[in-house]
Amino acid sequence: MKHLGLPGVFLENDTRRQRLWVILPLLLVLAPHAARLPIWISLAWLACAGLSLFAAERGRPPVGGVGKAVLALGGAAGVLLQFGTVIGPAGGVALLVFLSGAKLLEMNSARDRMGLLFVGVFLLVAHFLDAQSLFTAAYMALAAVALVAGLMLATKPAAVALAETRGHLALAARLLAQALPLALLLFVLFPRLPGPLWGLPQQTAGKSGLSERMAPGDISQLILSDELAFRAEFADARLESRQLYWRGPVLWDYDGRAWGNSAPVSARPPDFEARAPPTGVAVTLEPHQRRWLFLPGAPSRLPATPPSTLASDLQWLAREPLRQRLRYELEVYLDYRLQPRLDAASRARGLALPAEGDQRARQLASAWREAATDDAAIVEQALGWFGAEAFHYTLNPPQLGASAVDDFLFGTRRGFCEHYASAFVFLMRAAGVPARVVTGYQGGELNQLGNYWIVRGRDAHAWAEVWLPERGWMRVDPTAAVAPERVERGLNAALPAAERPAALVALQGGWLRPLRLGLDLLNSRWNEWVLGYNQERQRRFLAGLHPLLASLQGMLIALIVVAAAALLLLAVRLYRRPPESRDRAARAYERFCRRLARLDLRRTPAEGARDFAVRAAAARPDLAADIDAITRRYVALRYGPAGADRLGELEAAVRAFRPTRHGP
Amino acid sequence: MAARALPYLPWRKPRVESGPLRLTARRLYILPTRAGLVFGVLLLGLLVGAINYGVSLAYLFTFWFAGLAIVGMPHTQRNLSGLTLRAGAVAPVFAGESAVYSLHADNADGRVRRGISLHHPLGVGEARDIPAGGSANLELRLPQARRGWHAPGRFSIHSEFPLGLFRCWSVLELDWGVLVYPAPATDALPFPRGEADAGEDAAPRAEGAEFAGLRGYQPGDPPRRIAWKAVARGGRELLTKQFAGAAPRGLWLDWRLAPERDMEARLSRLTRWVLDAHATGLPFGLRLPGREIPQSAGEAHLRACLEALAREGGH
């Protein structure tokens with residue numbers, strides 16, 4: 001213990017160094033787990049590791065048989081209390097981590113050490129249940145190198161010198177590099193199954209995202225988050241930010257405070273007319289634990305996966321909440337006419353308002369109705385009014401009183417998209433124009449490197465839809481009337497300089513931007529090709545290589561072919577005769593000896609080259625000159641001063657030496 | 001590590017070989033170790049998990065570790081393949097001791113061969129590394145119970161490097177062996193009297209033996225004759241007490257003069273006497289049934305006598 005401060009001396013102990021090569025790789029693997037584990041497990045593990053290292057001098061383990069049993073049972077009980085179970089992804093991993101820590105106290109045999117490292121392999125792979133980013137993969141690849149090096153050192157009966165461990169790390173890296181092609185082939189060809197064999201892990205809910213209710217302040221929480229919502233790639237590259245309204249939840253009912261849906265919307269398929277050819281779009285949606293899927297327009301046809309329904313108000317819902325990253329591809333009409341004939345029920349719901357409250361807004365709306373010739377004129381009038389009056393776009397609006405709409409329209413006049421959308425729809429309904437609130441995302445950041453849009457929490461938006469005769473439901477964005485920059489150039493441009501979130505400013509511009517976009521592209525491709533390599537994508541990718549590969553039989557045949565090729569390669573490697581000698585001169589001389597052996601002139605193992613030459617020359621005087629010349633060159637090369645230029649002469653002489661079986 | 005059986009293909013029985021031999025693929029076997037099988041089961045479990053949870057990276061890393069095991073296989077084989085082996089000299093031992101068989105391994109390659117050991121049903125040698133372009137002696141310590149010439153029979157050269165998931169081995173039999181001298185009798189008896197007394201009762205006079213001095217310890221000296229007092233006084237080497245009961249000139253160590261009845265016990269007695277006589281430096285001769293070694297002295301004479309004792313009776 002007195003060597004604590006001197007790592008060099010501390011590691012002079014053989015057992016300690018040997019243990020270190022189990023503890024270090026495990027520590028690398030377990031470090032990322034620590035974030036999800038109860039702190040007491042991490043601390044117990046570290047304590048066991050420390051105890052194991054410090055007690056290395058003593059022959060027997062620091063904890064006896066009873067102690068071990070108490071430790072294991074105590075850990076199991078603790079995990080059971082904390083997780084409610086000791087099996088399954090969370091509880092099982094926690095228990096395994098704890099037990100691996102306890103096992104650190106007892107690892108004198110090679111078998112103990114290998115067992116621990118195998119547990120390390122298991123926990124390494126188990127971590128991918130929690131995180132699968134590119135960074136995680138790279139980190140775990142490094143951890144794998146350490147694990148493999150540990151495995152090499154674990155089988156040794158004694159610890160190796162510190163300097164030698166570097167060689168083992170290099171060999172571990174080389175082995176893993178050699179294994180990678182095989183791993184990739186298996187990864188591509190191993191048939192993916194559509195569903196789970198048993199239950200799926202319970203993901204923790206409560207991620208940020210849109211909600212099915214919109215009360216003032218809800219979206220501003222989301223806007224401050226920089227979290228990725230989804231990425232989208234359009235077949236048509238010429239789209240602009242202001243054209244992109246990603247439609248999410250559609251809200252019909254207002255209770256005087258918040259917008260929501262008090263009753264389900266009609267599940268009839270939407271009735272729309274396309275006014276321009278559709279464009280293809282592929283969306284990779286991050287899991288948000290809710291059911292909605294986002295659409296930039298009206299879909300021509302819904303994709304088969306995920307199972308979903310499209311309501312009459314173009315609200316698209318998956319059957320199950322999204323717990324995993326999802327990619328969907330479809331064709332959408334960006335220019336369309338939605339529900340040109342409005343049914344009575346929808347019309348009534350689109351006009352409904354609370355019985356009373358917000359009287360000034362109602363009066364303003366009636367004034368517009370009286371002055372206007374048709375509904376479209378009322379919409380124009382309202383947008384003009386928002387533009388002309390002193391409204392401000394801000395993420396820090398003052399509190400609103402009991403009459404939220406009146407307070408906002410005639411009092412504070414400061415707010416952001418949800419205030420404007422909410423007030424606008426209220427005014428429209430009060431004026432007798434059917435209207436509703438639509439929430440979703442607007443715009444996004446175009447990554448020109450990969451030509452796709454990155455849509456984040458801060459692109460969350462709310463706008464209005466009004467129904468006009470003949471023209472159907474029309475999108476109206478009152479925010480754009482107040483702060484056109486929001487729609488043209490994103491949130492940051494619309495906010496007053498003092499209010500721009502620091503993180504957003506740093507991310508949005510500056511010299512880091514190309515780097516950040518490049519990284520995002522890499523992540524996007526990673527998600528698409530590695531993490532999103534599911535049954536459907538595999539079929540499509542393999543069909544692109546060869547149509548036969550797209551079926552299960554094709555994949556199995558390909559797997560068998562790959563396995564056979566690998567085995568063949570292996571067999572060739574295993575059976576290849578190791579080179580007799582690495583020395584070219586010796587090889588040439590061996591060839592010469594083989595040719596003489598065909599004449600029954602065999603060099604005995606103990607015979608020197610010169611003695612052999614004398615004997616051979618005596619037996620075949622006709623070859624004496626050649627034998628002598630070759631032997632002299634060889635002896636000069638082997639034992640004389642270095643001269644690589646003579647090597648060619650020797651090799652040429654041996655090549656030319658073709659003795660016949662019977663001399664003249 | 002427990003000694004294990006030496007499996008080989010029945011139609012490719014190892015022959016007794018002499019001279020240097022090269023380990024080529026034809027004579028190497030490779031199979032997973034127990035740890036390798038456990039690793040296989042672990043990978044299977046991980047694959048099932050990857051399928052169930054649909055985790056792409058779990059697939060990738062599971063396949064990566066599987067590839068690692070497969071790639072490790074030729075590495076294990078290459079660790080042995082191409083070595084040239086030569087039987088080294090084996091020093092004679094007394095019965096009851098362990099003989100150290102040493103196998104000289106030449107590595108003509110430019111890479112280090114690691115963790116190579118010899119296995120025999122009676123014992124396992126220590127694992128050694130063979131440096132690139134160099135050589136090393138692989139050792140096998142086998143206990144020798146009986147005197148005579150003993151060939152160790154089949155043994156295997158064995159390696160699990162690098163990963164310990166595969167074991168590569170070759171079963172060999174070399175024409176080497178060890179000469180095992182009889183175990184020297186543990187109690188000291190004075191040398192037999194001369195020829196004249198041969199027929200009489202050659203009662204041992206152990207008690208009457210006179211202390212004749214100390215000499216250096218030799219393997220086979222009984223512990224009770226070690227001069228422990230000299231050791232206790234701080235002597236660095238062990239010394240053996242010498243007793244000169246009667247050391248007549250022209251000492252003949254005759255098997256018939258040994259007091260024991262059993263032939264093996266007599267040989268042990270004679271071995272003791274030979275060692276003691278050699279230690280005194282006086283010339284002595286050895287008579288065995290059907291064989292007589294004339295009186296002489298010196299190391300070569302000692303070896304000749306011990307060999308005659310070891311091989312007595314056609315052993």
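**Interface of chains A and B**

I began with the area buried between chain A and chain B in this predicted model. The two chains bury about 5000 Å² between them. Carbon and sulfur atoms account for 74% of that area. I then asked which three residues of chain A supply more of its buried area than any other three. They are A:Phe118, A:Leu175 and A:Leu574, with 12% of the area that chain A buries against chain B.

Next I looked up the residues in contact. Chain A gives 59 residues to the contact, and chain B gives 48 residues.

How many salt bridges does the rule find across this interface? I got 0 for chain A and chain B. A side-chain nitrogen of Lys or Arg would have to lie within 4 Å of a carboxyl oxygen of Asp or Glu to count. For polar contacts I got 6 residue pairs across the interface, with both residues at pLDDT 80 or more.

I went on to the elements on the chain A side. Those that give two or more residues to the side touching chain B are helix 6 (110–126), helix 7 (134–154), helix 8 (162–189), helix 19 (513–531) and helix 21 (552–575) of chain A. Helix 8 of chain A has the largest share, 14 residues. I also sorted the residues on this side of chain A by type: 42 are nonpolar, 8 polar and 9 charged.

**Three-strand sheet, chain B**

I moved to the sheets of chain B. One is an open sheet of 3 strands in the order 17-18-19, and its pairing is mixed. Strand 17 (251–254) and strand 19 (291–296) of chain B are the edge strands, each pairing on one side only. I noted an average twist of 15° from one strand to the next.

Strand 17 and strand 18 (residues 284–288) of chain B run parallel, and 4 bridges join them. I looked for the partner of B:Asp254 in strand 18 and found B:Arg287. Helix 4 (residues 263–280) of chain B packs on this sheet. Helix 4 touches strand 17 and strand 18 of chain B, and its direction makes about 170° with that of strand 18.

**Four-strand sheet, chain B**

The other sheet I checked is open too, with 4 strands of chain B in the order 2-4-6-10 and antiparallel pairing. Why is one side of strand 2 and of strand 10 left without a neighbour in the sheet? Strand 2 (21–22) and strand 10 (135–143) of chain B stand at the edges with a single partner strand each, so one side of each has no neighbour there.

I counted 2 bridges between strand 2 and strand 4 (residues 84–87) of chain B, which run antiparallel. In strand 4, B:Thr84 is the bridge partner of B:Arg22.

**Backbone checks**

Which residues of chain B does a cis peptide bond join? I found B:Phe161 and B:Pro162, with omega about 0°. B:Pro162 sits in the loop between strand 12 (155–159) and strand 13 (166–174) of chain B.

In chain A I looked up phi of A:Glu470. Phi is near 70° there, a positive value in a residue other than glycine. A:Glu470 belongs to the loop between strand 18 (460–468) and strand 19 (472–476) of chain A.

How values were computed
Residues are numbered from 1 along each chain as its sequence is written. Chains are lettered from A and ligands numbered from 1 in the order in which they are written. Side-chain values use heavy atoms; hydrogens and water are left out. Contact means heavy atoms within 4.5 Å. Buried area is the accessible area (1.4 Å probe) that two parts lose on being put together, summed over both. A polar contact is a pair of N or O atoms within 3.5 Å; within protein, one must be able to donate a hydrogen and the other to accept it, and residues adjacent in sequence count only if both atoms are side-chain atoms. Ala, Val, Leu, Ile, Met, Phe, Trp, Tyr, Cys and Pro count as nonpolar, Asp, Glu, Lys and Arg as charged, and the others, Gly among them, as polar. Two strands pair if DSSP finds at least two bridges between them. Axes are lines fitted to C-alpha atoms, for helices over the stretch in contact, and angles run from 0 to 180 degrees between N-to-C directions.
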